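Let's take a friendly walk through a protein model, one residue at a time. Keep the picture beside you as you read.

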Amino acid sequence: MDETEFWELVDAAREAAEGDPEEQAEVLVDRLLRLDPDLVLDFARHFEARYNRAYTWDLWGAAWVLLDGASDDAFDFFRCWLIGQGREVYEGAVHDPDSLADLLGDFDEEIDGDGEELGYAADEAYEQLTGTVAPDLGIQPARAEPEGTPLDFENARVLAERYPRLWERFKE
């Protein structure tokens, strides 16, 4: 599975689920079940690589503004959700987290920002296909700390200056 096929699966699942992250995970599992187990592992590698790439202080700060706070777990689930938004939103956010203000359409605090179930979709599909737990993916593990310079998430002035568009759209 190449990167284009990965993103096509993500997009098709999101569209079928009409943007609901939990339903998107269910649709994604169903679609992964149609694939060979090795392709499911390829999907998992693509997902995990993007998940690890999004482990940055700048992106965590953007999640903090969007979600009105983001614990370690909330940021983990946010990164899964971000991947679920598709290539354009994901890449835009990784390159410029403040661009989420422009890239996101409606943002429903009740369902958006938490894609925990998306993070388990490939594992669930692989286990259903094979009856075994997915093996080690053979990719570099995540860093112990986010990349970049830590931000003071509790300082509204720092967040407003770092994420002016997100701050204006979601905080004022």
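Start with Arg53, which is partly exposed, with a relative accessible area of 34%. Here, buried means under 20% relative accessible area, exposed means over 50%, and partly exposed lies in between, using a 1.4 Å probe and protein chains only. You are looking at a predicted model, in which local features need pLDDT of at least 70 and side-chain atom pairs count only at pLDDT 80 or more, while totals for chains, interfaces and linings use all residues. Residues are numbered from 1 along each chain as its sequence is written, and side-chain values use heavy atoms, with hydrogens and water left out.

What does Arg53 form with Glu91? The two make a salt bridge, and their closest N and O atoms are 3.0 Å apart. A salt bridge means a side-chain nitrogen of Lys or Arg within 4 Å of a carboxyl oxygen of Asp or Glu. Arg53 belongs to helix H3 and Glu91 to helix H6, so this pair ties together parts that are 38 residues apart in sequence. Helices (H or I, at least four residues) and strands (E, at least two) are DSSP runs, numbered from the N terminus.

How many salt bridges does a search of the whole structure find? The search gives 13. Another of them joins Asp96 and Arg165, with the closest N and O atoms 2.8 Å apart. This pair links distant parts of the chain, since Asp96 sits in the loop between H6 and helix H7 (100–103) and Arg165 in helix H10 (residues 164–170), 69 residues apart. Asp96 is partly exposed at 29% relative accessible area, and Arg165 is partly exposed at 32%.

Arg165 also meets Asp98 in a salt bridge, at 3.1 Å from N to O. Asp98 lies in the loop between H6 and H7 while Arg165 is in helix H10, so the pair ties together parts that are 67 residues apart in sequence. Asp98 is buried, with a relative accessible area of 4%. Through shared partners, salt bridges join Asp96, Asp98, Asp102 and Arg165 into one network.

Now turn to the rings. Rings of Phe, Tyr and Trp (its six-membered ring) pair if their centres lie within 6.5 Å; planes under 30 degrees apart count as stacked, over 60 as edge-to-face and the rest as tilted. By this rule there are 14 aromatic pairs. One of them is the tilted pair of Phe6 and Phe43, 4.8 Å centre to centre with 40 degrees between the planes. Phe6 is in helix H1 (residues 3–16) and Phe43 in helix H3 (residues 37–53), so the pair ties together parts that are 37 residues apart in sequence. Phe6 counts as buried at 0% relative accessibility, and Phe43 counts as buried at 0% as well.

Trp7 and Tyr90 have ring centres 5.7 Å apart and planes at 40 degrees, so this pair is tilted. Trp7 lies in helix H1 and Tyr90 in helix H6 (residues 87–95), so the pair ties together parts that are 83 residues apart in sequence. Trp7 is buried, with a relative accessible area of 2%, and Tyr90 is buried at 0%. Elsewhere, one aromatic cluster includes Tyr55, Trp57, Trp60 and Trp64.

Arg50 is found in helix H3 and is buried, with a relative accessible area of 10%. Not counting residues up to four places away in sequence, Arg50 touches Glu3, Phe6, Trp7, Ile83 and Tyr90; contact means heavy atoms within 4.5 Å. Arg14 lies in helix H1 and is buried too, at 17% relative accessible area. Leaving aside neighbours within four places in sequence, Arg14 is in contact with Gly19, Gln24, Gly84, Gln85 and Gly86.

Finally, look at the nonpolar core, a set of buried Ala, Val, Leu, Ile, Met, Phe, Trp, Tyr and Cys residues joined through side-chain atoms within 4.5 Å. The largest such core has 51 residues, and those with the most contacts inside it include Leu28, Phe43 and Phe78. Helix H4 (residues 57–67) supplies the largest share of this core, eight residues. Leu28 touches Leu9, Ala13, Phe43, Leu118 and Ala121, not counting residues up to four places away in sequence.
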